[in-house]
There are 2 protein chains.
Amino acid sequence: MKKGTRRTPTTDAVEIIRRRYYEGRPERIVGLAEAEANDTVARKICKLRKRAGLTQQQLAKRVGTTTSVISRLEDADYEGHSLAMLRRIASALNKRVELRFVSAGRTTKLA
Amino acid sequence: MKKGTRRTPTTDAVEIIRRRYYEGRPERIVGLAEAEANDTVARKICKLRKRAGLTQQQLAKRVGTTTSVISRLEDADYEGHSLAMLRRIASALNKRVELRFVSAGRTTKLA
DNA sequence: AGCAGATTTCGCAAAATTGCGAAAGTTGGA
DNA sequence: TCCAACTTTCGCAATTTTGCGAAATCTGCT
């Protein structure tokens with residue numbers, strides 16, 4: 001990569017698109033980020049809990065909180081998940097949170 | 001799985017261990033969760049940013065925040081990452097956050 | 001219908017994270 | 001060494017998430 005005078009020149013397609021769409025418009029990024037299905041995290045927690053054969057109350061006890069909190073976390077509209085809480089839940093189920101930044105659009109395949 | 005009278009009986013090793021160690025001791029779980037290398041998330045962000053050839057300031061602009069915030073997120077000792085912020089960062093780099101709850105200890109293999 | 005267990009919703013206080021600017025500290029090159 | 005760019009640290013306000021209990025809903029079963 002050459003050190004650009006103004007800015008690193010790019011031949012990267014996604015980078016070009018990004019510049020067109022988001023540069024100088026942080027709101028868009030924030031919006032995008034929010035919009036992107038958190039939904040999934042909520043469902044994951046829910047499925048995980050059910051798969052473990054636990055009620056919200058039982059999970060709450062293990063996590064060290066209450067049912068209302070668990071319920072909130074499992075709510076598809078909830079957006080406020082913190083890594084800390086996700087980890088607590090994972091630990092309570094003998095799991096571990098794995099985080100990955102993958103190229104937009106692409107879905108990671110597991111072996 | 002049979003429906004247990006009191007509680008679902010288990011032959012699952014990790015589940016047995018979990019019961020011995022954590023049941024009724026939510027503090028332990030919280031502790032474990034905190035201890036578990038957040039470190040990694042910080043490094044991921046840092047590497048990701050550098051790989052994209054950006055300075056903290058440039059990333060900050062894209063994300064819609066300041067350098068001090070980025071610096072904090074990249075600090076290995078920082079534990080307060082929120083999914084919302086991680087997503088904003090991912091979006092700013094044309095990526096997406098993928099979250100997974102994997103069995104403790106096991107490392108996921110990619111295809 | 002009536003009951004017991006499970007989940008959701010409401011409200012508010014406490015705690016934690018983000019926002020932001022300024023100052024201090026680092027790093028690399030001229 | 002000096003300079004410019006980059007990163008880290010500090011403090012505090014603003015916003016957000018968690019904690020928690022009570023009441024309202026929902027579900028499945030008899």
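**A:Asn94 sits in the loop between helix 6 and strand 1 of chain A.** The model shown is predicted; local features need pLDDT of at least 70, side-chain atom pairs count only at pLDDT 80 or more, totals for chains, interfaces and linings use all residues, and side-chain values use heavy atoms, with hydrogens and water left out. Residues are numbered from 1 along each chain as its sequence is written, while chains are lettered from A and ligands numbered from 1 in the order in which they are written. Helices (H or I, at least four residues) and strands (E, at least two) are DSSP runs, numbered from the N terminus. Although A:Asn94 is not a glycine, its phi is positive, at about 60°. A:Asn94 counts as buried, with 17% relative accessibility; buried means under 20% relative accessible area, exposed over 50%, and partly exposed in between, with a 1.4 Å probe and protein chains only. In chain B, B:Asn94 occupies the loop between helix 6 and strand 1 (95–103). The phi of B:Asn94 is also positive, near 60°, in a residue other than glycine, and B:Asn94 is buried at a relative accessible area of 19%.

**A:Glu98 belongs to strand 1 (residues 95–103) of chain A.** This residue is buried, its relative accessible area being 11%. The side chains of A:Glu98 and A:Arg100 are joined by a polar contact of 2.4 Å. A polar contact is a pair of N or O atoms within 3.5 Å; within protein, one must be able to donate a hydrogen and the other to accept it, and residues adjacent in sequence count only if both atoms are side-chain atoms.

**Chain A is built from six helices and one strand.** Along the sequence, the elements of chain A follow the pattern α-α-α-α-α-α-β. Chain A has 111 residues, of which 37% count as buried. Among the contacts in chain A with a separation of 6 or more, 44% join residues 24 or more positions apart; a contact means heavy atoms within 4.5 Å.

**The buried residues of helix 5 of chain A are A:Val69, A:Ile70, A:Leu73 and A:Glu74.** Viewed down the axis of helix 5 of chain A, these residues fall within an arc of 135°, so they line one face of the helix. The arc is that of the directions from the helix axis to the C-beta atoms. In helix 5 of chain B, the residues B:Val69, B:Ile70, B:Leu73 and B:Glu74 are buried. Their arc around the axis covers only 135°, which places them on the same side of helix 5 of chain B.

**A:Leu86 and B:Leu86 have the most contacts inside the largest nonpolar core, which holds 40 residues.** A nonpolar core is a set of buried Ala, Val, Leu, Ile, Met, Phe, Trp, Tyr and Cys residues joined through side-chain atoms within 4.5 Å. Leaving aside residues up to four places away in sequence, A:Leu86 touches A:Val41, A:Ile45, A:His81 and A:Val97, together with B:Leu83, B:Leu99 and B:Phe101.

A residue is near a strand if one of its heavy atoms lies within 4 Å of it. Sugar or phosphate accounts for 65% of the atoms of DNA strand C within 4 Å of the protein, and bases for the rest. A phosphate oxygen of DNA strand C lies 2.6 Å from a polar side-chain atom of A:Gln56, and a base nitrogen lies 3.2 Å from a polar side-chain atom of B:Arg72. A backbone N or O atom of B:Gly80 is 3.4 Å from a sugar or linking oxygen of DNA strand C. Helix 5 (67–74) of chain A, with helix 5 (67–74) and helix 6 (83–92) of chain B, are the elements that give two or more residues to the surface near DNA strand C. That surface divides into three nonpolar, 10 polar and four charged residues. Ala, Val, Leu, Ile, Met, Phe, Trp, Tyr, Cys and Pro count as nonpolar, Asp, Glu, Lys and Arg as charged, and the others, Gly among them, as polar.

**Around DNA strand D there are 17 residues, the closest being A:Tyr78, A:Gly80, A:Arg88, B:Gln56 and B:Ser68.** Of the atoms of DNA strand D within 4 Å of the protein, sugar or phosphate makes up 62% and bases the rest. An N or O atom in the side chain of A:Tyr78 lies 2.2 Å from a phosphate oxygen of DNA strand D. For B:Arg49, an N or O atom of the side chain lies 3.0 Å from a phosphate oxygen of DNA strand D.
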